[in-house]
Amino acid sequence: HIGQNTKVWLHIVVVKPNHRSDAINFLDWAADATKGAIGIDDRYFAIWQLDWAIDKKKPEIRVKVGI
């Protein structure tokens with residue numbers, strides 16, 4: 001159970017196929033997906049790091065969760 005003052009830290013890396021989109025645009029989507037995956041309300045989320053990389057062959061979004 002997450003307490004009232006507990007933060008769930010997210011480290012998000014957006015690996016995109018090109019420079020057309022911004023990593024920041026994926027932030028809300030990643031938080032919603034993480035909320036569904038771990039069952040913790042995203043009001044407890046704090047961003048530890050948001051980064052991006054380019055990989056034309058294997059775009060993906062990587063999320064690490066810590067408490």
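This is a predicted model: local features need pLDDT of at least 70, side-chain atom pairs count only at pLDDT 80 or more; totals for chains, interfaces and linings use all residues.

Analyst: The side chains of E60 and R62 form a salt bridge, with 2.8 Å from N to O. A search of the whole structure gives 2 salt bridges. Another pairs R43 with D41, where the N to O distance is 3.8 Å; the cut-off for a salt bridge is within 4 Å. D41 is partly exposed because its relative accessibility is 28%, whereas R43, at 64%, counts as exposed because it is over 50%.

As for charge in general, the protein carries 10 positive and 8 negative charges, and their mean positions lie 6 Å apart.

The surroundings of these pairs can be described at the level of the whole chain. The protein has 67 residues, 25% of them buried.

The fold consists of 1 helix and 3 strands, arranged along the sequence as β-α-β-β. Of the contacts between residues at least 6 apart in sequence, 85% join residues at least 24 apart. The C-alpha trace spans about 40 × 20 × 15 Å along its principal axes.

Conventions:
Residues are numbered from 1 along each chain as its sequence is written. Side-chain values use heavy atoms; hydrogens and water are left out. Helices (H or I, at least four residues) and strands (E, at least two) are DSSP runs, numbered from the N terminus. Buried means under 20% relative accessible area, exposed over 50%, partly exposed in between (1.4 Å probe, protein chains only). Contact means heavy atoms within 4.5 Å. Lys and Arg count as positive and Asp and Glu as negative; His and the chain ends are not counted. The place of a charge is taken as NZ of Lys, CZ of Arg, CG of Asp or CD of Glu.
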